[in-house]
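Student: I would like to go through this model with you and ask, for each label we attach, what value stands behind it.
Tutor: Gladly; let us look at it together and set each value against its cut-off.

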Amino acid sequence: MALALDEARAAAQREEVPIGAVVVHAITGEVLARAGNRTIEHSDPTAHAEILALRAACAVAGAQRIPECDLYVTLEPCAMCAGAISFARIRRVVMGAPDPKGGAVLHGPCFYGQPTCHHRPEIVEGCGASESAALLKGFFVGKR
């Protein structure tokens, strides 16, 4: 989670919403990819940290599915990211701060609880939650 927090801080430096994600091979511990939000920089609403990290990790693995990998992310994933995580067959998602407004894992549509969801990763919540929440709060206080 420390690397994901580093990516979130780097995103904030780029004036992006400070969310970071890291994909780690569960057996070897190798970091396959890390990313922070780049929606503004890329003019791409899909350039969330999770999506960028999944794309890079799949490229490294040479596969669209990476079931031997875990994803560490500083904020509860939205519906788009939850879907991508499921399609990539991520083994475990370790989340920082919960997101009652936009999250889709524990809140809103509870994506992995839907009968149409084909893969449900293990969910670990609260890892680095206070630091993740503080980064987000500080970022938005500065914007208002």
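Student: Where is Arg-89 found?
Tutor: In this predicted model, Arg-89 lies in the loop between H3 and strand E4 (92-97). Its phi is positive, about 60°, although Arg-89 is not a glycine.

Student: Which phi does Cys-110 have, and where is Cys-110 found?
Tutor: Cys-110, which is not a glycine either, has a positive phi of about 45°, and it is found in the loop between E4 and strand E5 (122-124).

Student: How do you know that the span of helix H2 agrees with its number of residues?
Tutor: Helix H2 (residues 49-61) has 13 residues, which at 1.5 Å a residue should span 18 Å; the expected span takes one less than the number of residues. The end C-alpha atoms of H2 are 18 Å apart, and therefore the two values agree.

Student: Which residues of H2 are buried, and what do they pack against?
Tutor: The buried residues of H2 are Ala-49, Glu-50, Ile-51, Leu-52, Ala-53, Leu-54, Ala-57 and Cys-58. They pack against the strands E1 (20-25), E2 (31-36) and E3 (69-75), as well as against helix H3 (79-87). Just after H2, Gly-62 takes a positive phi of about 70°.

Student: How many aromatic pairs does the structure hold, and what makes the pair of Phe-111 and Tyr-112 edge-to-face?
Tutor: The structure holds two aromatic pairs. The ring centres of Phe-111 and Tyr-112 are 5.6 Å apart, with their planes at 85°; since a pair needs centres within 6.5 Å and edge-to-face needs planes over 60 degrees apart, the pair is edge-to-face.

Student: What is the geometry of the pair formed by Phe-139 and Phe-140?
Tutor: Phe-139 and Phe-140 are also edge-to-face, at 5.1 Å centre to centre and with 85° between the planes.

Student: Why is Phe-139 called buried, and why is Phe-140 called partly exposed?
Tutor: Phe-139 has 11% relative accessibility and therefore counts as buried, while Phe-140 has 30% and so counts as partly exposed.

Note on methods
Residues are numbered from 1 along each chain as its sequence is written. This is a predicted model: local features need pLDDT of at least 70, side-chain atom pairs count only at pLDDT 80 or more; totals for chains, interfaces and linings use all residues. Side-chain values use heavy atoms; hydrogens and water are left out. Helices (H or I, at least four residues) and strands (E, at least two) are DSSP runs, numbered from the N terminus. Buried means under 20% relative accessible area, exposed over 50%, partly exposed in between (1.4 Å probe, protein chains only). Contact means heavy atoms within 4.5 Å. Rings of Phe, Tyr and Trp (its six-membered ring) pair if their centres lie within 6.5 Å; planes under 30 degrees apart count as stacked, over 60 as edge-to-face and the rest as tilted.
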